[in-house]
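Have the viewer open as you read.

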Amino acid sequence: MDNKTIIVSNRLPLQLHLRNGQLKMKPSVGGLATGMKSVHKDEKGIWIGWSGLIEEDIDKETHKKIDRLVAKENCATVSLSKDDVDNFYYGLSNRTLWPLFHYFMEYTEFENEFWESYKTVNQKFADVVLQHAEDGDQIWVHDYQLLLLPALIRHRKPNVTIGFFLHIPFPSYEIFRCFPWRDELLHGILGADLIGFHTYDYERHFLSSIKRILRLEVNFNEIAYHERIVKVDSFPMGIDYNKFHEAAKSHKKLCSEERSELQRKLDEHFQSTKDTKLILSIDRLDYTKGIPNRIRAFEYFLNKYPEFREKVRLIMLSVPSRSDVPQYQLLKKETDELVGRINGEFSTINWTPIWYFYRSLPFDNLIDLYSAADIALITPIRDGMNLVAKEYIATRTRKDGVLILSEMAGASKEMNEAILINPNNFEQIADSIKFALEMPLEQQISRNHLLQKRLKRYSVEKWAHEFMKSLKATKNIEKVTLSKRLDEQERKTMFEKYNSAKNRLLLLDYDGTLTGFQDNPQNAQPDEKLFSLLDQINNQNQTNMVIISGRDRETLEQWFKTKNYAMITDHGVWAKEKNNSWKPLERLRSDWMEIIRPVLETFADRTPGTFIEEKKYSLAWHYRKADPELAQIRAIELNTVVTSLISNNELTVLNGNKVIEVKNSRVNKGRAAGYLLSEKDYDFILAIGDDWTDEYMFEEIPNWAYSIKVGYQKSKAKYYVKSTQEVRQLLQGFAKSK
Ligand code: GDG
């Protein structure tokens, strides 16, 4: 059976209006709606979102009517109350996450009430999704209003594939860490199998927060999370190129009567002031878009290059947005005043420098504006992508026109041929405007030619398609790379085999297997519960239970001094059988340590939070507590340096769990396991461990034996368990036997 795709976003791709009890519905024409059209239609999709109407404003009957209407468009609604909209939408989404993620710390409000509502509303979305989702479905969740949704869905419906795409920037760790509920938010997003961003920078920032805040293992762009692999990637959103390009073409062909009023006004402008050029800017009236900066930079330009007065005009379209939030009201006032002041200062009888529209215009007017403008001046302070920049280029049917674009917009990463500016540098903006006004036509054409080619190829449909392709591919990750989960059924069979076996061998790694990790390795001594379980197993006559560890003999001797366990220490240098004394498995030299120790010391000195553990036969550099990114770089560096020093095969560098260990090559847990296997014929063998050093033993034991990895990572082990808690459950199972 084919699986369906569920799309979830804050708003539905429909506009619903209730006027005098009459319900009106029309489709939205935004970029997202266009891009998702094929996903929505072709894949038997359902789109889930808020209708835009408040619960208190609609009676039961109307509610039903709305549901019937949207169902015809394959949509389903999430119903929100006034309180939800105030605290979830205007609150946490737009007064906390929006400013924080756009680096506007001073506008960010941390209100517990907002957060509570955000959780409640995300749960409301999850409830509706769960009414529709079936095992095997793909679910694509959009944007910052729904960061908790992936985990809420995953929790109740584990067997679906979930994608998440963030349309705004993901800020640097330094900003993100300020958010009071940062852990919950990250866990929420990690419910997804695939997490998408517009640019690599946002992806990088996200991974950095994952490593620093949750301390999770990140392998290139994959995160090992519980028993899943979560993939992170960048997918720069495109536009419906053909729609804009074709609309611009057909507008050029219209005769004067057919032209819009706005177009006629623009025509008049061109007639009366033939050599006056138009600079255009379009955006929602939002503080992230850098509107006051742009006006001030334009003023600076008029002062710096007075010869251009009466020769240029700035047309600014500001679309009303979130006017319930105080900062937006202030921005409106500031913009009005700036436009007023500059027009007052510079206007002449024939010329007003800024034409300012505070409204939303129909699509056709947008095309008129894009087509008429000689320059597009797009100067956001921060912007996830910015589609306006792309739309302007798409409408340039003759390939003329110049785009001046802020390097703070995600779009700048793909639009190198534009003139890229820092929106805070007025000098640079003023010079760029002059440069753009004087740019020879051939240069305009050659720049736009390249830009158009790229925009046409990577359209919004392609973007949606690529995301869906990656999302579906995540379904296969598991099969290729990982061991099988040791589930209830497998466990039962394993215990049965254990019970009926005559000669059993248990090879138990210590750190990360029998106990969890401690920041200081000396604090990982065994607890009473562990002793009691190990005692019960060790007392079984038919079982040879061996603790096999990389730790030094002295430490294990000390911890288990009252016990009579079999142990192998130092990765296999020393062995002690039950009721027996210690003997060396390998005879080794350790004079190499004098050369390697100073090298490790320089790394420990230069990398705060790291330290050296000196063992008898090896040296280990631990970096669990260090800054994860610095430690990763240093670890690679250390590997290279040490490897170059030990060309004679005598030493090996082991990359363990947040530790690099240099030791003699002749020693490893595999060789030690081999020695045990040669001593006796076993009919039940189990080896369990959590890091790379345990892989040697997984390789050494026979195929029919149980090899178990602790944690969900690439491994040669046949099975995996999730955590040290699960290891304890296994020990309990063995302890019950005779
Ligand atoms: C968020 C992120 C990211 C504008 N005025 C009118 C109008 N528009 C259309 C434009 C364009 C869209 O609105 C604006 O999109 P942007 O990308 O520029 O900005 P945001 O609204 O802030 O969007 C942004 C985007 O999500 C997608 O991921 O690029 O960074 O902030 O398509 O054409 N459309 C009509 N009349 C107008 O007056 N019809």
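First, some ground rules. This is a predicted model, where local features need pLDDT of at least 70 and side-chain atom pairs count only at pLDDT 80 or more, while totals for chains, interfaces and linings use all residues. Residues are numbered from 1 along each chain as its sequence is written, and side-chain values use heavy atoms, with hydrogens and water left out.

Start with the overall picture. The C-alpha atoms of the chain fill a box of roughly 105 × 65 × 40 Å along the principal axes. The chain has 25 helices and 30 strands (DSSP runs numbered from the N terminus, with helices being H or I of at least four residues and strands E of at least two). Of the 738 residues, 56% are buried, where buried means under 20% relative accessible area, exposed over 50% and partly exposed in between, with a 1.4 Å probe and protein chains only. Take the contacts (heavy atoms within 4.5 Å) between residues at least 6 apart in sequence: 71% of them join residues at least 24 apart.

Now for the empty space. Rolling a probe the size of a water molecule over the atoms shows where such space is left. The search uses a 1 Å grid over the protein atoms alone: a cavity is a set of points where a 1.4 Å probe fits but cannot get out, a pocket is an open set with protein on both sides within 12 Å along at least five of seven lines, and lining residues have an atom within 4 Å of a point. Grid points are joined across faces, edges and corners, and a volume is the space filled by probe spheres set on the points.

How many cavities of 30 Å³ or more does that rule give? The count is 7. The largest cavity holds about 390 Å³ and is lined by 28 residues, with Asp511, Phe517, His622, Val659 and Asp691 nearest its centre. Strand 24 (611-614), strand 26 (651-655) and strand 27 (659-664) are the elements that give two or more residues to this lining. By class, the lining of the largest cavity divides into 7 nonpolar, 9 polar and 12 charged residues. Here Ala, Val, Leu, Ile, Met, Phe, Trp, Tyr, Cys and Pro count as nonpolar, Asp, Glu, Lys and Arg as charged, and the others, Gly among them, as polar.

The second largest cavity has a volume of about 60 Å³. Strand 4 (46-54), helix 2 (60-72) and strand 5 (75-80) each supply at least two of its lining residues, and strand 5 has the largest share, with 4. Trp50, His63 and Val78 are among the residues that line the second largest cavity, and the lining has 6 nonpolar, 4 polar and 1 charged.

On to the second largest pocket, with about 1200 Å³ of space. It is lined by 43 residues, and Glu217, Val218, Asn219, Phe220 and Gln632 are the closest to its centre. Elements giving two or more residues to the lining include helix 8 (200-213), helix 17 (460-481), helix 22 (628-645) and strand 27. Helix 22 gives the most, with 7 residues.

Two of those helices also meet each other. Helix 8 and helix 22 pack at about 95°, with their axes 9 Å apart (axes are lines fitted to C-alpha atoms, for helices over the stretch in contact, and angles run from 0 to 180 degrees between N-to-C directions). That makes helix 8 roughly perpendicular to helix 22; angles of 65 to 115 degrees count as roughly perpendicular, under 35 as roughly parallel, over 145 as roughly antiparallel and the rest as oblique. Ser208, Lys211 and Arg212 of helix 8 make the contact with Pro628, Glu629 and Gln632 of helix 22.

Stay on helix 22 to find Asn639. Is Asn639 buried or exposed? Asn639 counts as buried because its relative accessible area is 19%. Leaving out residues up to four places away in sequence, Asn639 touches Val653, Asn655 and Ile660.

Last stop: Leu190, in the loop between helix 7 (182-189) and strand 8 (194-197). Leu190 is buried, at 0% relative accessibility. Beyond four places away in sequence, the residues Leu190 touches include Phe206, Ile210, Ile223 and Val230.
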